[in-house]
Amino acid sequence: MSRPNVFDGEFQMEREEMGVRGSRLAPDAGARELGASVYELAPGASGFNLHAHYGNEELFVVLAGTPTLRTADGDEPLARGDVVACRRGREGMHALANRSDEPALVLAVS
């Protein structure tokens, strides 16, 4: 059985204007009620716009690089191994960008 791998470098989605490439992992891993995606943020990527999820929480694990987490409280630099949970609703508003000169790889689970 073939399993998805966060480090295989094959991306199903690309949003060039945001500097983001990504792949959904959960369905290929057999999940039915859990979402998981891996995102690569190019150096200088603006990333996703500030947003909130009202149906679920979202958890980010930094696999490589130094992305920046933006929340209603401001910006926070992240490092490899950091884990961040964003709650449901307005309280969990978030966005990820990459202000560094190296790509960042982030696992998102929801």
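**Reading the strands, cores and pocket of a predicted model**

Mentor: Strand S9 (104-109) is largely enclosed by the rest of the structure, because 5 of its 6 residues are buried. Buried means under 20% relative accessible area, exposed means over 50%, and partly exposed lies in between (1.4 Å probe, protein chains only). Strands (E, at least two residues) and helices (H or I, at least four) are DSSP runs, numbered from the N terminus.

Trainee: What should I know about the model before reading on?

Mentor: This is a predicted model, where local features need pLDDT of at least 70 and side-chain atom pairs count only at pLDDT 80 or more, while totals for chains, interfaces and linings use all residues. Residues are numbered from 1 along each chain as its sequence is written, and side-chain values use heavy atoms, leaving out hydrogens and water.

Trainee: In what order do the strands of the open sheet of 6 strands stand?

Mentor: Start with the pairing rule: two strands pair if DSSP finds at least two bridges between them. Here the order is S1-S2-S3-S9-S4-S7, with antiparallel pairing. Strand S1 (13-15) and S7 are the edge strands, each pairing on one side only. For angles, axes are lines fitted to C-alpha atoms (for helices over the stretch in contact), and values run from 0 to 180 degrees between N-to-C directions. With direction ignored, neighbouring strands of this 6-strand sheet are turned by 20° against each other on average.

Trainee: How many bridges join S4 to S9?

Mentor: S4 and S9 run antiparallel and are joined by 5 bridges. Leu59 stands opposite Val109 in S9. On S3, Ala36 also stands opposite Val109, and S3 pairs with S9 in the antiparallel sense over 6 bridges. S4 is joined to S7 by 4 bridges, again antiparallel. In S7, Ala85 is the bridge partner of Leu59.

Trainee: Which strands make up the open sheet of 3 strands?

Mentor: That sheet has the order S6-S5-S8, with antiparallel pairing. Strand S6 (74-77) and S8 stand at its edges with a single partner strand each, so one side of each has no neighbour in the sheet. Its twist averages 25° from one strand to the next. Strand S5 (residues 68-71) pairs with S6 over 4 bridges, and the bridge partner of Thr68 in S6 is Pro77.

Trainee: Which residues touch the most other members of the largest nonpolar core?

Mentor: A nonpolar core is a set of buried Ala, Val, Leu, Ile, Met, Phe, Trp, Tyr and Cys residues joined through side-chain atoms within 4.5 Å. The largest one has 15 residues, and Leu41, Phe60, Leu78 and Leu96 touch the most other members. At least two of its residues come from each of strand S3 (36-41), strand S4 (58-64), strand S7 (83-86) and S9. S9 gives the largest share, 3 residues. Another core of 8 residues lies apart from it, with Leu25, Ala36, Leu105 and Leu107 among its members.

Trainee: Is Phe60 buried or exposed?

Mentor: Phe60 counts as buried because its relative accessibility is 6%. Phe60 lies in strand S4, which is mostly covered, with 5 of its 7 residues buried. Phe60 stands opposite Val84 in S7. Contact means heavy atoms within 4.5 Å. Not counting residues up to four places away in sequence, Phe60 touches several residues, including Asp82, His94, Leu96 and Val106.

Trainee: Where does Glu16 lie?

Mentor: Glu16 lies in the loop between S1 and strand S2 (20-24). Glu16 counts as exposed because its relative accessibility is 69%. Its C-alpha atom is 9.1 Å from that of Ala45, 29 residues apart along the chain.

Trainee: How much space lies in the largest pocket?

Mentor: On a 1 Å grid over the protein atoms alone, a pocket is an open set of points where a 1.4 Å probe fits, with protein on both sides within 12 Å along at least five of seven lines; lining residues have an atom within 4 Å of a point. Grid points are joined across faces, edges and corners, and the volume is the space filled by probe spheres set on the points. The largest pocket holds about 280 Å³. Its lining has 19 residues, and Ser37, Tyr39, Glu58, Ala108 and Ser110 are the closest to its centre. Helix H1 (26-29), S3, S4 and strand S8 (95-97) each give two or more residues to this lining. S3 supplies the largest share, 4 residues.
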